[in-house]
Amino acid sequence: MTTPSTEFTADAAAALPGPAWMQQRRADALARFEARALPTEAEEVWRYSRIDELDLSAYRPVVAREAPTGLPAAVTAVADAAGPRSGLLVMRDGRLSHAELRDDLSAKGVVLGSLLQAAPDEGAEVLGAVAGAPDAFVELATAFLGEAAFVRVPSKVELDAPLVVVHWLDTDGGAVFPRTLVQVGESSQAGVIEVAASDDVAGLAAPVVELDVGDAANLAYLGLQQLGSRVWQVAYQASRVGRDASLRSFTAALGGGYARLRTDSRLAGQGGSTQLMAAFFGAGDQMHDFRTLQDHDAPRTTSDLLFKGAVRDRARSVYSGLIRIRHGAHGSNAFQTNRNLVLSEGAHADSVPNLEIEENDVRCSHASTVGPIDEEQRYYLESRGVPPAAADRLIVGGFFGDILDRAPAPGVRARLRQAVNDRLESD
Amino acid sequence: MTPAREAGGDRGAPAREAGGDRGAPAREAGGDRGAPAREAGADQGSVLSVVGLRAGVPEREILEGIDLELRSGEVHAVMGPNGSGKSTLAHVLMGRPGIRVTAGGVSLDGIDLLALPTWKRAQAGLFLLPQYPTEVPGVSLDDALGEALTAAGRDRAEVPELVAAEASRIGFDPRFLDRPLNVDLSGGEKKRNETVQLGVLGPRFAVLDEVDSGLDIDALRAVARRIEAATTESNLGVLAITHYTRLLHVLRADAVHVLVRGSIVASGGPELAEELEQTGYAPYGVDERGT
């Protein structure tokens with residue numbers, strides 16, 4: 001594995017490959033990053049986080065020009081777990097390592113590859129178009145962007161199996177900036193499964209995912225976060241949902257040490273809808289930190305959010321979400337539900353739902369719960385002769401069951417159920 | 001003598017005499033119910049014994065000394081007005097968290113039930129059909145019964161077939177069987193669901209807590225008939241806790257006990273239930289509000 005030896009400097013950024021526009025973007029982003037301080041827990045969007053514990057100097061950007069080639073068995077296992085697929089793209093330490101796409105889809109104009117190779121010229125317009133640069137980590141991610149995974153499904157193409165993107169972290173002590181850009185053209189249908197995983201390394205990952213769902217298009221996105229326990233993640237997922245389009249996004253987070261995901265979904269076209277779901281389960285000293293924004297920016301748009309998580313041992317979780325109905329987004333519906341199970345006395349979950357509504361003719365609701373396993377449910381099952389440990393396993397499995405059943409890739413559901421079970425029963 | 005009585009007699013305490021002690025005639029055992037009683041010797045019969053039981057919540061005592069003895073195949077009704085302690089009695093037997101026993105004991109064939117956690121009481125042969133069955137989101141009937149059977153050393157692979165057979169016996173629509181436990185079920189469907197579980201688990205004693213509340217007459221009849229059948233088919237002993245007598249029109253009681261303010265104030269035969277239907281609880285010093 002590469003030993004990183006560089007710091008977050010302009011020279012390091014300049015050593016990264018790419019056309020002139022990319023070099024300029026990196027330099028500009030780095031300048032803005034250096035001009036703004038790292039966030040602190042004093043800021044509302046970082047409240048309850050562990051950001052004050054981050055020591056950036058403990059990590060070095062991975063600047064090797066070439067990604068390791070070949071697919072480690074662990075990567076293959078991760079990719080195969082997703083089931084039948086239309087194509088596979090493997091990025092290692094933010095660099096293209098492997099790409100395959102079914103021939104019939106290539107012929108239809110589907111793209112699965114590196115942005116800088118597949119669309120070197122128009123890349124300038126695609127990169128950052130949905131995400132913008134909401135915080136210092138997104139600036140840093142652009143400043144040290146190696147290559148971006150690029151998925152394009154042209155108009156009026158329907159995929160019958162998902163495209164799989166694997167981001168694999170190899171380097172101990174490395175800071176990596178995986179970027180994924182997904183464009184689904186007008187009236188198309190696609191599924192994307194993205195897996196973030198790592199060797200047992202200490203590392204920092206600041207992934208940025210941009211989902212652009214064209215008018216009347218339909219995207220099902222499944223993100224599986226199974227990073228090692230010594231990896232810090234500060235992730236940002238931004239989506240733009242067009243007119244009469246539909247996004248279904250599901251995140252399953254089991255890994256990471258401190259793992260944050262900010263999810264912003266902007267309903268930019270009339271009649272669009274977004275469904276945001278997440279299932280997370282932290283153990284040991286893990287912390288899962290979710291911030292969400294359901295941003296209604298067009299009339300008659302719908303958003304439906306369901307985040308469910310559990311914490312055990314000393315693990316912590318945060319859910320903080322905002323529904324924003326902008327002026328003009330009349331006739332919109334927005335729902336937000338966060339439910340948390342606290343399975344150990346030393347574990348803790350925070351839940352902070354919020355609404356910001358600038359229109360009258362809207363329907364919004366939010367609900368959140370934090371609590372231990374329901375004593376009545378356990379007593380009921382025990383009264384049937386079910387031992388307490390089995391009762392807890394049933395109840396926790398049932399708690400996650402309804403959300404896991406909604407994971408867009410049916411082949412992944414059973415594995416997620418098993419993963420939840422393993423997490424519950426591990427020592 | 002019927003085999004059921006012989007079974008009781010084998011233990012040196014004939015069922016008839018047990019009933020007679022309370023001034024209630026024992027049922028004409030299995031034969032009266034139109035189904036042959038289990039062969040004596042195959043099942044020696046069991047005894048659920050409640051002695052001097054005092055219990056309540058930490059703030060106050062609710063049960064002020066309950067004595068009951070229930071044998072296999074018998075149906076005892078415990079009737080009482082609201083607030084008399086009926087549900088507390090049901091749940092103290094099953095070991096609900098939050099109910100504290102201050103004196104007395106409960107045993108099943110000599111096993112001290114109060115010393116056991118709830119799940120072991122169930123494994124010892126006790127079943128509670130609660131007034132308000134708890135919803136357990138995401139947990140299927142098959143999975144719950146599978147765990148219960150596994151813990152009992154039975155084969156969980158039997159569950160689907162047993163469940164299907166029990167559902168069919170009580171006219172429970174199979175499509176409800178796939179729903180999470182008690183979620184999106186009507187009152188009657190919940191009680192049928194509970195009765196399916198009772199049939200699959202095959203307990204020695206069932207405590208029915210207001211089984212007649214919240215269900216229509218068809219469901220009540222189906223549930224009561226199934227439990228009645230179990231008293232002969234599997235020699236089930238039943239403690240039917242109820243406010244009203246309508247349950248007892250299908251599930252016929254061998255003995256009736258009147259529970260008022262935490263104490264059993266009268267015991268008798270089925271005629272006592274009929275009296276209560278006429279007079280209400282007023283003769284026991286209870287007004288219409290149940291106080």
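Reader: What makes B:Pro133 count as buried or exposed?
Author: The term buried means under 20% relative accessible area, while exposed means over 50% and partly exposed lies in between, with a 1.4 Å probe and protein chains only. B:Pro133 has 7% relative accessibility, and therefore counts as buried. The residue lies in the loop between β6 (126-129) and β7 (136-140) of chain B; helices (H or I, at least four residues) and strands (E, at least two) are DSSP runs, numbered from the N terminus.

Reader: On what basis are such values given?
Author: This is a predicted model, in which local features need pLDDT of at least 70 and side-chain atom pairs count only at pLDDT 80 or more, while totals for chains, interfaces and linings use all residues; side-chain values use heavy atoms, with hydrogens and water left out. Residues are numbered from 1 along each chain as its sequence is written, and chains are lettered from A and ligands numbered from 1 in the order in which they are written.

Reader: Which residues does B:Pro133 touch, not counting those up to four places away in sequence?
Author: Contact means heavy atoms within 4.5 Å. By that criterion B:Pro133 touches A:Tyr380, B:Asn182, B:Lys190, B:Lys191 and B:Glu194. B:Lys190 is 57 residues from B:Pro133 in sequence, yet their C-alpha atoms are 6.7 Å apart in space.

Reader: Why is B:Asn182 called buried?
Author: Its relative accessible area is 0%, so B:Asn182 falls within the buried class. B:Asn182 is placed in the loop between β8 (180-181) and α8 (187-201) of chain B. Its phi is near 65 degrees, a positive value in a residue other than glycine.

Reader: In which loop is A:Asp93 found, and what is its phi?
Author: A:Asp93 belongs to the loop between β2 (87-92) and β3 (95-101) of chain A. Its phi is near 50 degrees, again positive in a residue other than glycine. A:Asp93 has 8% relative accessibility, and therefore counts as buried.

Reader: Why is α9(A) called roughly antiparallel to α6(B)?
Author: Helix α9 (residues 388-404) of chain A and helix α6 (residues 141-151) of chain B pack at an angle of about 165 degrees, with their axes 10 Å apart. The axes are lines fitted to C-alpha atoms, for helices over the stretch in contact, and angles run from 0 to 180 degrees between N-to-C directions. Angles under 35 degrees count as roughly parallel, over 145 as roughly antiparallel, 65 to 115 as roughly perpendicular and the rest as oblique. The angle therefore makes α9(A) roughly antiparallel to α6(B).

Reader: Which residues make this contact?
Author: A:Ala390, A:Arg393 and A:Leu394 of α9(A) meet B:Asp143, B:Ala144 and B:Glu147 of α6(B).

Reader: How confident is the predictor in each chain?
Author: The pLDDT is the predictor's confidence in each residue, from 0 to 100. Chain A has a mean pLDDT of 93, with 98% of its residues at 70 or more. Chain B averages 86, and 84% of its residues score at least 70. Over residues 1-42 of chain B, pLDDT stays under 50, as it does over residues 1-5 of chain A.

Reader: What does chain B contain, in helices and strands?
Author: Chain B has 10 helices and 12 strands. Of its 291 residues, 53% count as buried.
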